[in-house]
Each structure stands twice: as C-alpha cells, then as structure tokens.
Amino acid sequence: MTDELVKKDSGSQFSRKVAGGLMWNSLTFGFSKLFVLVTTSILARLLTKEEFGQVAVAVVAINYLAVIKDLGLGVALIQRRGDVDNAANTVFTINTMLGFFISALVIPLAPLIADYFHDPGVVPVLRWLGVSFAINALGSVHMIWLLRDLDYRRKFIPDMGNTIVKGIASIGLAFAGFGVWAMVIGQIVGALTSVILVWIILPWRPRLMIDKAIAGSLIKFGSSIIGGDILGTIIDNIDYIIVGRLFGLAQLSVYTLAYRLPEMLLIGNLWVLGEIAFPAFSSIQDKPDEMRVGFLGSVRLVEMIATPISLGLFIAADPIVRVVFGDQWLEAIPMLRVLAIYAWVYSIGFHIGGIYKAVGRPYILFNLSIFTLIILVPSLLIGARFGVIGIAWGHLIAVLIRRVVSLAIATRFVNVTLWDIFSQLVPSLRAGLVMLPLSYAVLYATAGFAPIVQLILVVITGAVSYLGVAWWTEKENLFRLLKAVGVSKKA
C-alpha cells in the first residue's frame, strides 16, 4: 500500500512538473512572439527591403548550418540516464569545438552564398551572424540541463532575455541609422545575453573533457536524429532559397514578412500543442477507443482556434499589413492571404505526428518528410513561373497533398475514417461561414477609415460573430478548451 502511495505521489509530482513546464513554455513562446512582432513592426518602418533581405538570406544559411551545431548530442543528453555529469562535460566540449569551427567555416562560405543570391552585401552580414554559433555553444548544455529537468520556469529567463535585449538593441541601432547592422548586432547581443543569464541561473560549471566511450554512444544516438533535422530544415527553408535566387532580396523580404504573421499567430502555436500531443497519446496508446476519441476531439478543438485566426488574416490582410508593417510592404498582402489558407490546411491534424510516435511508428514522419520534399520542390518551381505569389500557392498545394496523405495513413493506426476527421471541421467552419460575410461587410463599409480603426472594427466583428456561433453550437467543447489551457469552468 505504501509503495502504491509513493508511486501515485511520484506520478502526481511528475504530472505537475510537466503541466508547469508546458505553461512556462507556452508563456515563453507567447511573450517572445509578441515582442518579436512588435520589434519587426518597428524595424519594417526603419529598414529597407534590401536590408531585410540580406538578413533573411543570412538567417537561412545559419539555419542550415545549425543542423550540425551539436550533432544531435543535445537530444542524446536529454535521453541519457547513466554517468550524466561526464556526458554533459563531453557534450559541452564537443559543442564548443563545433561552435567555433562552424563560426570559422562561415568565413569562406559567405562569398559563395552571396554569389548564389547575387548580393555581395550578404558576405559581412553572414560572417558576423556566424559568430553566434560560438556564443550559443557556450550555453547550449546549460539549456539542455534545464530541459532535462523540465525547468521551463528558469529557462524563461535566458529565452526572454535574448528576445528583449535583441529587440531593444536592434530598434535602438536602427533609429541611430545603423541599417542592416542593427539587426546583426541585435542578434549577437541577444545571444550573449542568453548565455550570460543561463550561466547565472544554473550553477553547473563544465569541465573540458571528452570521454570517448560516452561520446561514441551519444553520437550514435544523435546521428539517428540528424537525418530528420536536415530534412526538416530543407523543407522549412527551400522556399526562401528559391525566392531569393529567382526574385532578389527585396522580394525575399516581402515574402518573409508575409509568412511571419501566420507563423507567429498559428503555426508556431501548433508546435507548442504538438509538445502536449505526444505524451498525451503515448499514455493511451494501448487504449484504441480512447485514442480515437482523443484524436478526433483534439482535431475539433485545434480547428476551433485555427479557423478564426486563418480567416482573420485572410479577410483583414490589407489593414493588417498597413498597420503592422507600413505602406512600403503592401506587396505582402496577396501573399499573406494565400499563406493564411496554407496555415489553416497545415493545422488540420497537425498533431498526427504524436500518434505515429505514440504507436511506435516514428519512421512514418521521416517518410512523410521525404514525400513532402518530393512534391514541394516542383510545386514551388512551377509556382515561381507566376512570381512570388506563385511560390505561396505552391506551398499551399503541397501542404494540401501532404495533409490528405498523412491523414489517410493515420486511419490505419487510429480507428477513424477520413470522413470522421473532416466532420470535426464542421463546427469551426460553421462559425467561420458566419464570420466571413460579416467581417467582409465591415471591411468594405470602413474602406475610407484609418487602417488601425478599420482593423479594430473588423477584428471585433469577426471575434463576436465567430465566438457567438461557436458558443451557441459548441458550448461544452469551448469549456473543454478553456480547461485545456488552464481556465476552469468555475472561472
């Protein structure tokens, strides 16, 4: 009896730890995205499209190099259970060496990347941003310790420190006339701030050492992760490479900003929800009926959130771009509308990956990534014939095909049909069909108003109409959603 009580208490403590971690992780994500949006809004009025484009190219290059920044050792260290201290010291040493090596590697690579994008101004920008690899390596294992302990509360400090300092530095330097270097210096100062803060809040002090046996086992585990990471990075950045190469850095900056809002408001939030899906589905993997109900219910709830966000971005794209980014970015309006639809399709059954991992079939995700790349590249290249807007349409078509295939495969592991899945979209689409004409009516009725006033009125109309219908038809599910995000029915 005592053992059972201990087990229950341990399980309860773990559950509270996970719940607390998710809360702090969501809080970090929300605040950081909000601050980044405000920073981007200000910088969009102070910098030129070409300057934004130079940084965008450099960031894409950094993203590709970042895949090998720790050889998957971070994930391996989180998973490891024996001799963790020596393993941590080994990972710190290898990461530091890798960080300085990649920073040095950027120096000869920068001219090649600049030639690809036909802009020599990328060279110094990329070389200086490359310094961030060496800086971040010094704090990477400290971050891993916090992740191992699910200590998102303390991790919030360096994460937000990075975001806030980077934003303030970038804005201040942009006002001072530093141009593209405002964003470059902001990135470096933000990375330094994060490392300093994580060393302050976590007393662990590393030793430079490499245990060959430990390193071998960690690298073996990490190598299984790198393939998927490389594939994911290619998929996430291939559109930027095509746009920058074919249409130039100014158009790349427009495309990047158009994607920024769907990414901040919806796609990024899906990744936070995805962190909940895997452990939740894993806990009921041997209960097919519960998994079926849980999966369908989660599709329904996710779409109750995703549909109004996507519709709102689609309907109010014009005043949103004018208010958030300024009149010099009006070219982003049609792209934002297409990418808003893309984000909605992307959201449908997004968390199906949690099912695949829960039932012991993670390789399906890797195979789907290969399939995505096969259909994405030709879709983007064909779309490019119609300009940058064609790239956005190519993305939409590719994600539509992937989502149908992914959900069709899911029906083999969960006792559902495609009709069962798509029927979960009915409540959100019903509310959306009421929201759509009413919001458009207000949009056209306020055409002569100031953009900020027009945006506020459209948002209020959309929110009231959508929530009104949703409350009338889906009251119990809304209560369930409020409970899921931590607001009880009594509240």
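Does Ser-439 count as buried or exposed, and at what relative accessibility? Ser-439 counts as buried, because its relative accessibility is 1%, and the cut-off for buried is under 20%. The structure is a predicted model. The protein has 491 residues, of which 49% count as buried, and it contains 19 helices and zero strands.

**Ser-439 and its surroundings**
- Ser-439 lies in helix 18, which covers residues 426–445.
- Beyond its neighbours within four places in sequence, Ser-439 is in contact with Ile-315, Val-458, Thr-461 and Gly-462.

**Helix 6 and helix 7**
- Helix 6 spans residues 131–148 and helix 7 spans residues 152–175.
- Their axes come within 8 Å and cross at roughly 150 degrees.
- Angles over 145 degrees count as roughly antiparallel, and helix 6 and helix 7 are therefore roughly antiparallel to each other.
- The crossing of helix 6 and helix 7 is left-handed.
- On the helix 6 side, the contact is made by Met-143, Leu-146 and Leu-147; helix 7 contributes Tyr-152, Arg-154, Lys-155, Pro-158 and Asp-159.
- Sorted by class, this contact of helix 6 with helix 7 has five nonpolar and three charged residues, and no polar ones.

**The protein as a whole**
- Among contacts in the protein with a separation of 6 or more, 82% are between residues 24 or more positions apart.
- The protein exposes about 22,900 Å², and 69% of this area is supplied by carbon and sulfur atoms.

Conventions:
Residues numbered from 1 in each chain as written. Predicted model: local features only at pLDDT ≥ 70, side-chain atom pairs only at ≥ 80, totals over all residues. Heavy atoms only, no water. Axes fitted to C-alpha atoms, helices over the stretch in contact; angles between N-to-C directions. Helix = DSSP H or I, 4+ residues; strand = E, 2+ residues; numbered from the N terminus. Parallel < 35°, antiparallel > 145°, perpendicular 65-115°, else oblique. Left-handed = near helix turned anticlockwise from the far one by under 90°. Contact = heavy atoms within 4.5 Å. Nonpolar A, V, L, I, M, F, W, Y, C, P; charged D, E, K, R; others polar. Buried < 20%, exposed > 50% of the residue type's maximum accessible area, 1.4 Å probe, protein only. Areas by Shrake-Rupley, 256 points an atom, 1.4 Å probe, with all protein chains shown as cover.
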